[in-house]
Amino acid sequence: MSRLVLVLGDQVSPGLSALQEADKARDLVVMAEVMGEAAYVRHHPKKIAFCLAAMRKFAARLERDGWRVAYTRLDDAENSQSIVGELLRRAEAEGADSVLATEPGEWRLIEALSHAPIKVRQLPDTRFIASHAEFDAWAEGRKSLRMEYFYREMRRKTGLLMEGDDPAGGKWNFDHDNRKPASDDLFREGPLKFDPDETVNAVLDLVERRFPDNFGRLRPFWFATDADQANTALDHFLEHALPCFGDYQDAMLEGDRFLYHAVISPYLNAGLLDPLDICRRAEAEYRAGRAPINAVEGFIRQILGWREYVRGIYYREGPDYPRRNALNHQRKLPDFYWGGETRMNCVAHAVAQTRDEAYAHHIQRLMVTGNFALLAGVNPTELHEWYLAVYADAYEWVEAPNTVGMSQFADGGIIASKPYISSGNYISKMSDYCRGCAYKVTQKTGAGACPFNLLYWGFLDRHRDRFQGNPRMAQMYRTWDRMAADRRAAVLDGAQAILDRLSAGETV
Ligand code: FAD
Ligand code: DLZ
Ligand code: SF4
């Protein structure tokens with residue numbers, strides 16, 4: 001009897017474990033555009049278009065390679081609109097009695113496949129550098145799971161940036177050199193952009209028709225949608241941006257949405273690029289003297305370290321992880337995350353860019369939208385659903401640990417040793433947003449004071465019991481306690497006034 005081979009939208013890799021295990025002569029590949037996946041959160045139209053275009057092109061490639069592919073389009077009349085439904089429909093038509101799959105990137109689908117009324121074997125997803133077993137072996141028995149130590153293990157395992165047993169350049173981590181603000185009068189290449197071809201245009205029309213009300217601009221659409229394009233985009237980054245990646249990694253500029261970032265996460269997470277290959281190509285730039293160690297180490301750490309580490313946490317912590325809420329934050333996500341009005345220039349810019357590009361870089365996600373939500377006590381599950389929807393690179397295995405863990409401390413400190421909070425001062429130092437803001441970043445109290453300044457102390461005061469014993473936060477509490485009592489009262493009043501405005505649905 002023939003088998004079905006499931007390939008999901010973020011599994012468009014020829015080396016996928018299910019394809020490796022399958023028999024081209026006998027088995028039938030199933031790929032399906034379904035509302036179950038396209039609408040379980042209100043994805044950004046660019047994310048849907050990217051995913052469907054990459055799926056269509058990958059299916060064509062599989063057919064060219066001699067696979068039989070049963071491909072369901074979103075508008076097909078017989079489409080059952082769910083992954084399991086399509087497997088059952090294809091199984092009946094094909095007379096197949098089992099499915100080979102590769103473990104999905106979200107518990108939701110892992111569980112749906114596990115409970116499907118047909119036998120589904122879920123193979124490990126081998127497109128990562130660390131297996132679940134390797135991560136768990138590293139994590140077992142440790143009191144705290146800090147990324148840095150996992151990263152060193154991965155460096156040793158892969159030999160990336162190693163000189164024998166020692167790290168290249170004499171240090172494991174060059175972050176100390178990587179905190180420079182960027183200047184706004186330089187020309188930067190930015191990511192390579194691709195004109196939509198016939199396949200992409202057909203998908204754009206479909207998405208425009210079917211998802212007219214989703215937050216986000218569909219056009220212009222310029223993402224790579226196949227492996228050749230994604231590799232060209234990576235080469236472009238390695239040549240033009242990698243050398244400066246380290247220095248300006250944390251910088252933000254009103255007039256430059258991409259700076260020296262790679263903008264490859266949608267491609268990497270869908271499977272158009274391979275993580276180890278990317279790291280080796282970046283290392284080659286260092287070895288050839290074309291990029292400095294602080295840039296290459298910083299870049300490789302994001303992929304070899306952070307990306308693998310957050311994946312390890314997601315699968316280790318289990319299906320309830322995205323709904324954790326250690327700080328018991330219950331505030332509704334403010335409307336300005338969906339494009340509503342705000343006077344905070346930094347937030348307005350991060351959201352407008354998200355709307356236009358389905359992309360924001362790490363510091364915008366962590367220290368602007370994430371920071372504000374944490375300071376204001378936004379419900380982390382609601383925020384998680386926002387991040388999952390609005391970014392083209394968002395799948396739960398990578399998005400939830402970053403949002404729930406790193407950004408919101410809602411996992412109680414598994415990922416972050418202290419909350420990532422800052423006053424306006426950090427944003428002012430790393431960006432040019434404050435110049436054009438209705439608030440004054442230097443003002444600490446009163447009506448025109450930067451909301452981040454007020455909410456920062458409000459957060460620390462509110463969560464004193466939990467955090468005052470944290471050695472990494474002792475200095476913050478000492479500064480707060482040294483402030484004159486009337487000033488502390490004015491700050492807390494100001495913070496409360498902002499929270500009240502948010503509760504009343506008023507603009508901040
Ligand atoms: P670069 O800055 O050029 O970095 C290169 C690559 O490193 C990225 O493409 C990515 O694959 C990897 N990387 C960097 N930081 C991380 C990280 N913290 N975790 C995992 N991989 C990392 N990344 C996602 O891929 N999907 C998400 O849904 C996602 N959600 C996030 C939510 C929040 C609240 C935060 C703070 C971060 C999130 N990130 C997510 C991590 C990071 O912001 C993006 O990976 C990065 O902005 C992608 O842009 P880039 O390709 O230009 O990255
Ligand atoms: C993100 C996405 C979208 C928008 N649409 C589809 C789809 O129609 N069919 C499909 O197989 N996959 C899609 N995906 C990606 C899945 O949501 C993703 O595979 C799971 O969330 C697991 O990571
Ligand atoms: Fe953001 Fe405050 Fe600066 Fe305005 S002043 S841009 S709110 S940090």
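Modeller: Happy to! Let us start with A18, which, setting aside its neighbours within four places in sequence, is in contact with V5, L6, V7, L100, A101, T102 and L123. Please keep in mind that this is a predicted model. A18 itself sits in helix 1, which covers residues 17-21. Is A18 buried or exposed? A residue counts as buried when 20 or more other C-beta atoms lie within 10 Å of its own. A18 has 24 of them within that distance, so it is buried. For a sense of scale, take A18 and L276: they are 258 residues apart in sequence, and their C-alpha atoms are 20 Å apart in space.

Now let us step back to the whole chain. It is divided into domain 1 (4-123), domain 2 (132-190 + 241-317) and domain 3 (335-503). The centres of domain 1 and domain 3, taken over C-alpha atoms, are separated by 39 Å. These two domains do touch, with ten residues from domain 1 and nine residues from domain 3 in the contact. On the domain 1 side, the touching residues are two nonpolar, three polar and five charged.

Next come the ligands. Around ligand 2 there are 16 residues, and those that come nearest are L8, G9, E33, E37 and G105. Helix 2 (35-38) and helix 3 (45-64) are the elements that give two or more residues to this shell. By class, the shell around ligand 2 holds nine nonpolar, three polar and four charged residues.

Ligand 3 has 14 residues around it, with C346, G424, C434, C437 and C450 coming nearest. Helix 14 (345-357), helix 18 (424-430) and helix 19 each supply at least two residues of this shell, and the largest share, three residues, comes from helix 18. The shell around ligand 3 has eleven nonpolar and three polar residues, but no charged ones.

Where they meet, helix 19 brings P451, L454, L455, W457, G458 and D461, while helix 22 brings V491, L492, G494, A495 and I498. The residues of this contact are eight nonpolar, two polar and one charged.

Terms used: Residues are numbered from 1 along each chain as its sequence is written. Chains are lettered from A and ligands numbered from 1 in the order in which they are written. This is a predicted model: local features need pLDDT of at least 70, side-chain atom pairs count only at pLDDT 80 or more; totals for chains, interfaces and linings use all residues. A residue is near a molecule or strand if its C-beta atom, placed from the backbone, lies within 6 Å of it. Helices (H or I, at least four residues) and strands (E, at least two) are DSSP runs, numbered from the N terminus. Ala, Val, Leu, Ile, Met, Phe, Trp, Tyr, Cys and Pro count as nonpolar, Asp, Glu, Lys and Arg as charged, and the others, Gly among them, as polar. A residue is buried if 20 or more other C-beta atoms lie within 10 Å of its own, exposed if 12 or fewer, and partly exposed in between; C-beta atoms are placed from the backbone. Two residues are in contact if their C-beta atoms, placed from the backbone, lie within 7 Å. Domain bounds come from an automatic or database domain assignment.
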